[in-house]
Amino acid sequence: MDTITNIMTRRSIRKFTEQPVEPEKIKIILEAAMNAPSAGDGRPWEFVVVTEKSSLHQIAGKVDGGNDMFRQAGAAILICGVPSKEKFPGFYPQDCSCAAMNIYLAAHELGLGSVWIAVWSVPPRIAGLREILHIPEHLEPFAIFPIGYPGENLPAEYRFDEALVHYEGVIQK
Ligand SMILES: Cc1cc2nc3c(=O)[nH]c(=O)nc-3n(C[C@H](O)[C@H](O)[C@H](O)COP(=O)(O)O)c2cc1C
């Protein structure tokens with residue numbers, strides 16, 4: 001799939017089949033995540049890969065408010081920010097967002113589905129994940145992605161809106 005097709009057809013997938021996710025595909029997704037751009041090339045991130053069913057079930061209880069996506073997923077990847085590795089203070093959320101987007105797109109390219117589940121700025125999710133996955137204080141849980149083979153088929157959406165584009169500045173009406 002070419003890059004523009006990938007971007008234009010990616011959707012958030014929240015239902016998964018029981019087909020296991022190959023470790024090689026998880027590795028490719030992690031490679032894509034770590035190849036993301038970051039301010040000053042600081043790469044202020046670490047990743048926690050979860051494949052144990054018992055952990056995925058615990059995450060479901062703490063993070064997704066009772067629906068089944070983490071119970072169904074073959075794996076999950078938690079991105080953690082590492083503020084001490086920032087090259088420019090305060091930039092790790094932007095850096096981690098770039099890694100997160102690469103996870104979305106790499107999963108889609110590999111025939112997998114995923115969804116960005118917000119953790120950053122959601123205190124109960126941060127606390128729950130710290131507890132379940134033993135995340136130390138120097139890592140900031142940022143976003144978690146359940147990953148699996150899609151159990152739902154969502155159509156591509158076309159969201160371009162010319163009204164939101166300003167050429168050469170914003171003309172006040
Ligand atoms: C920063 C961010 C946080 C998100 N947090 C959640 C979340 O906590 N739970 C969830 O189900 N989806 C979450 N999403 C997914 C969005 O709901 C989804 O991207 C949006 O509805 C557009 O749908 P699409 O991804 O299929 O294009 C998040 C997406 C982003 C970018």
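A: Let's start with the inward side: helix H3 has four residues listed as buried, Leu56, Ile59, Ala60 and Val63. Here a residue is buried if 20 or more other C-beta atoms lie within 10 Å of its own, exposed if 12 or fewer, and partly exposed in between, with C-beta atoms placed from the backbone. Viewed along the axis of H3, these buried residues fall within an arc of 105°, so they line one face of the helix. The arc is that of the directions from the helix axis to the C-beta atoms.

A word on the ground rules. This is a predicted model, in which local features need pLDDT of at least 70 and side-chain atom pairs count only at pLDDT 80 or more, while totals for chains, interfaces and linings use all residues. Residues are numbered from 1 along each chain as its sequence is written. Helices (H or I, at least four residues) and strands (E, at least two) are DSSP runs, numbered from the N terminus.

What covers that buried face of H3? The cover includes strand S1 (45-50), helix H4 (69-72), strand S2, strand S4 (117-118), helix H6 and strand S5. Let's visit some of these neighbours in turn.

Take H6 to begin with. The axes of H3 (residues 53-63) and H6 (residues 123-133) come within 9 Å and cross at roughly 160°. That makes H3 roughly antiparallel to H6. For the geometry, axes are lines fitted to C-alpha atoms, for helices over the stretch in contact, and angles run from 0 to 180 degrees between N-to-C directions. Angles under 35 degrees count as roughly parallel, over 145 as roughly antiparallel, 65 to 115 as roughly perpendicular and the rest as oblique. The crossing of H3 and H6 is right-handed; a crossing gets that name if the near helix is turned clockwise from the far one by less than a right angle, and is left-handed if anticlockwise.

On the H3 side, the contact is made by Ser55, Gln58, Ile59, Lys62 and Val63, and on the H6 side by Arg125, Gly128, Leu129 and Ile132. Two residues are in contact if their C-beta atoms, placed from the backbone, lie within 7 Å. Sorted by class, this contact of H3 with H6 has four nonpolar, three polar and two charged residues. In this scheme Ala, Val, Leu, Ile, Met, Phe, Trp, Tyr, Cys and Pro count as nonpolar, Asp, Glu, Lys and Arg as charged, and the others, Gly among them, as polar.

Now look at the same pairing from the side of H6. Its buried residues are Arg125, Leu129 and Ile132. They cover an arc of only 70° around the axis, which puts them on the same side of H6. The cover over the buried residues of H6 includes H3, strand S2 (75-81) and strand S5 (140-148). On the face of H6 turned away from its buried side you will find the exposed residues Pro123, Pro124 and Glu131.

The backbone on either side of H6 deserves a glance too. Most residues other than glycine have a negative phi. In the loop between S4 and H6 sits Ser121, whose phi is positive, near 70°. Ser121 is exposed, with 9 other C-beta atoms within 10 Å. After H6 comes His134, also with a positive phi, near 55°.

Arg71 belongs to helix H4. It is partly exposed, with 15 other C-beta atoms within 10 Å. Leaving aside neighbours within four places in sequence, Arg71 is in contact with Leu56, His57 and Ala60. Leu56 and Ala60 are among the buried residues of H3.

Finally, step to the loop between S1 and H3, where you will find Glu52. With 9 C-beta neighbours inside 10 Å, Glu52 counts as exposed. Its C-alpha atom is separated by 9.5 Å from that of Ala76, 24 residues away along the chain.
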